[in-house]
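Please consult the sequence and the structure while reading.

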Amino acid sequence: MIEIDGTYGEGGGQILRTSLALSLVTGKPFTIKNIRGNRKRTGLLRQHFTAVNAAKEIGQANVEEFFMGSETLCFAPSTIQPGDYRFSVGSAGSAMLVFQTILPALMLADGPSQLTLEGGTHNPWAPPFNFVESAFLLCLNSMGPKVAMKLERYGFYPAGGGSFDVSITPSTKMGKLNLMNRGSLVCTKVLAQVANIPQSIAEREALILARKLNVSTENVVVENLTNSVGPGNIASVMVESEFSTEVFVGFGEHGVSAERVAKRLASEVNSYLIADVAVGQHLADQLLIPMALGKGGEFTSVKPTLHTETNIEVIKEFLDVDIRIKQLNEKAWSIKVALA
Amino acid sequence: MKKKIVIGLLGTILDSGTSRKRWEKWRPTVSIGQFDDFLVDRFEILHTRDSNRLAHCVRDDLAFVSPESELNLHTVDFNDPWDFEEVYGRLYDFAKAYPFDPENEEYYLHITTGTHVAQICLFLLSESRIVPGSLIQTSPQSRNRTGEAGTYRIIDLDLSQYSKIHERFNRQTRDDVDFLKSGIATRNKRFNEMIEEIEHVALRSNSPLLLLGPTGAGKSQLANRIHALKKTHNTVDGSFVEVNCATLRGDQAMAMIFGHTKGAFTGAVNAREGLMKRADQGILFLDEIGELDLDVQAMLLRALETGHFLPVGSDQESTSHFQLIAGTNQDLSKRVQEGLFRHDLLARINLWTFLLPGLAERPEDIEPNINFEMEQFEQNHGQQVRFARDAQKRFLSFSTSNEALWSGNFRDLNACVTRMATLSSGGVIDSATVEAEIQRLHKTWIELGSPPKPSVAKKHIVDEDMWLSLDLFDQIQLRQVLKVCKESRSLSDAGRKLFEKSRLQKQSSNDSDRLRKYLAKFDITWKDIEAVRSA
């Protein structure tokens, strides 16, 4: 039985999600104690509850100590059941994180799956939909599986209520991912969106981003969303290079001006551009599991976060892999996943 | 895990908003669906017919933020949401019809929405366990983080779960009981139990209380303390009015109690309102109620039952709502048989009856009462008084013996302590003062017509030194045993009486032997007892 300590590293929900995902794939049961041990409110919150529930259903797992607020969990999967599923997360918790939990098992399953996921689609503290769709899936699909997503309704914090469909055609043989070099810049696109709040906010963000990142007008889009329950605002920058695509997202919030949101985002994009690496910090995080489940590989990225380091440790608990971080220069690092 | 069910009223103001802007404000009912650590399995939302549209909007929004929850709307119509009777009635009906299943479900009453009257009703329903659940109170996020869920608190009204509150209740009851006893740490079990019962009744009831007991047993003092206790608990507004009915005769009694108009009778120069009117919203203490004339009794009964009475000479009824405390030393049922007391009045006042034992029946309480009287003397005279050690021993031994009749009860004790304290030299009561006081008490009790009983427990039967070496516990037991012996024909007769129960249960076959052995422990033989009896 694998034993996981939820206070390790950044000590949040990712430890639980990575454990669930890899337990499903490997069939190895695990126990976790001190779930979200470093958070102010420890234990299972609603979005984690839904994630465990989804994992339980897909893996026909036996779960002990499973209740709201629980700080320990015993998870033992049996067989993966691909198929049609619908999972909902309340309280604007991220549906993306539920997706992240069950995707590895379904992309390696012995049949296709069709998912409908409801809840938050664009939360500041989870990978937003357009990042997953445009940046992550591009890399993932290059490794073998065919995963496609379609957004039906936006779910912004705090109203939530978003919805998206996912179709997964699994691949039994996951390939290798090598992204040492993003190649030359093809184009940069800016997308500023609002829902149920004045469009001028998106216009101001677009203006600043275009100026700071030197984006030509035909690549700047301002959108007034109608398919959202609650109010919301995001600004996204897509950086398309010869060998990779990265997406950066900034969130509008109450009490923070549109200009400030745009400037913050622009500087995040700029540090990626200056570092001259293939993968940003969030994408680096997402790619580790598929690489470890496939044939490994290597990519260049910005300085790894505590989140990434924690993720690596949990992966090593389940899989016999060697993951090495190497600093290349002042701004660039490389992460190499090697199968034992 | 039990399912969580939230029951709440739709807030026509706090939950309002059907436009797109509604997500930018805090809506308490919707917020419950947004808490990331509180998963509601079912919502039961009560709303009026007028707010049908809003109710559907809130329900649909809850479906977005809490897709896990089942959502039910209920129409509950209030004509006036501030009418307590109506709101409580409607909510009560809802609760009574609701299929509560506390074994599998937990209920939370949301009290943030609805009028204050509705909140009070929900509170009452929860507190009375008609709704077997807790309260949930939601609050908006501070600062301007609009549209966010804010915070919630769960309040369980089951007070027994709060040990601190429980402890305070107990302490309050102890304080109240102490208060009724004027802070005297009495030791007599029966007396203490009675005071606890009086505390209980006094704070919960405005029905008449009947205090029985010999003169000086403290009826008036107790009635006064009951009033003061009720006053501190805000269960009485008016004053404490007290009269000894034995001092009232004829017309004067009527006029005194019920008041009179100007010129109602000879000497009625001015109108007077009477004691009953003065006791309005307060307490009327009628001591020696058995002494009241029958016509006064009739009027009193009517006043008790209706709050109305007729002042002497008036054709205009007056009203007074008072609690009656009656005191008597007489056997009122006997007075009823003799035709001197109204049967219906007795029935009316004989609801909460308490028998205050005389001082002689509470020998273990004499010492704390002496201390109390000494403290009172000190407070009134500003002079410290204490007993010399031997003198105290002697006085206690006397005062708890059968020799001390205490026929005037606390009045006697008070007078005797006052006398000794006054006669003390330099604040010390010495043996000479005590001896003189004992003689004085004997004299008083003889003059009052009841000769001192020959000492049973002392001098003649038990050696004094031996008596004083005994614990109070043994003294009390021995005194009673000797009393029974004295009243019995023979050792075996006394043994039969004393060990009747164990004989019936066949636990002891030889009563006389058992008694003989007990007496032998104190160097007493049956002969000693016979000697005293014939003396």
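With which residue does Lys189(B) form a salt bridge? The partner is Glu193(B), and the closest N and O atoms are 3.2 Å apart. A salt bridge here is a side-chain nitrogen of Lys or Arg within 4 Å of a carboxyl oxygen of Asp or Glu. Lys189(B) and Glu193(B) are four residues apart in helix α6 (residues 189-204) of chain B, so about one helical turn separates them. Lys189(B) is exposed at 61% relative accessibility, while Glu193(B) is partly exposed at 41%. In these terms, buried means under 20% relative accessible area, exposed over 50% and partly exposed in between, with a 1.4 Å probe and protein chains only.

This is a predicted model, in which local features need pLDDT of at least 70 and side-chain atom pairs count only at pLDDT 80 or more, whereas totals for chains, interfaces and linings use all residues. Residues are numbered from 1 along each chain as its sequence is written, chains are lettered from A and ligands numbered from 1 in the order in which they are written, and side-chain values use heavy atoms, without hydrogens and water.

**Salt bridges**

Side chains of opposite charge can pair when their charged atoms come close. Over all chains, the search finds 33 salt bridges. Selected pairs are listed below.

| Pair | N to O distance |
|---|---|
| Arg22(B) and Asp61(B) | 2.5 Å |
| Arg302(B) and Glu317(B) | 2.4 Å |
| Asp36(B) and Arg41(A) | 2.9 Å |

Arg22(B) forms a salt bridge with Asp61(B). Arg22(B) lies in the loop between β1 (3-9) and α1 (28-32) of chain B and Asp61(B) in helix α2 (residues 52-65), so the pair ties together parts 39 residues apart in sequence. Helices (H or I, at least four residues) and strands (E, at least two) are DSSP runs, numbered from the N terminus. Arg22(B) is buried at 13% relative accessible area, as is Asp61(B) at 1%. In the Arg302(B) and Glu317(B) pair, by contrast, Arg302(B) is partly exposed at 37% and Glu317(B) is partly exposed at 39%.

**The interface of chains A and B**

The contact (heavy atoms within 4.5 Å) takes 21 residues from chain B and 23 residues from chain A. The two chains bury about 2000 Å² between them, 56% of it on carbon and sulfur atoms; buried area is the accessible area (1.4 Å probe) that two parts lose on being put together, summed over both. Trp23(B), Asp36(B) and Phe64(B) supply 30% of the area that chain B buries against chain A, more than any other three residues. Three salt bridges cross this interface. Arg41(A), Asp36(B) and Asp37(B) are linked in a network of salt bridges.

**Thr121(A)**

Thr121(A) is located in the loop between β6 (113-119) and α4 (129-142) of chain A. With a relative accessible area of 1%, Thr121(A) is buried. The side chain of Thr121(A) makes a polar contact with the side chain of His122(A) at 2.8 Å and reaches the backbone nitrogen of Gly155(A) at 2.8 Å. A polar contact is a pair of N or O atoms within 3.5 Å; within protein, one must be able to donate a hydrogen and the other to accept it, and residues adjacent in sequence count only if both atoms are side-chain atoms.
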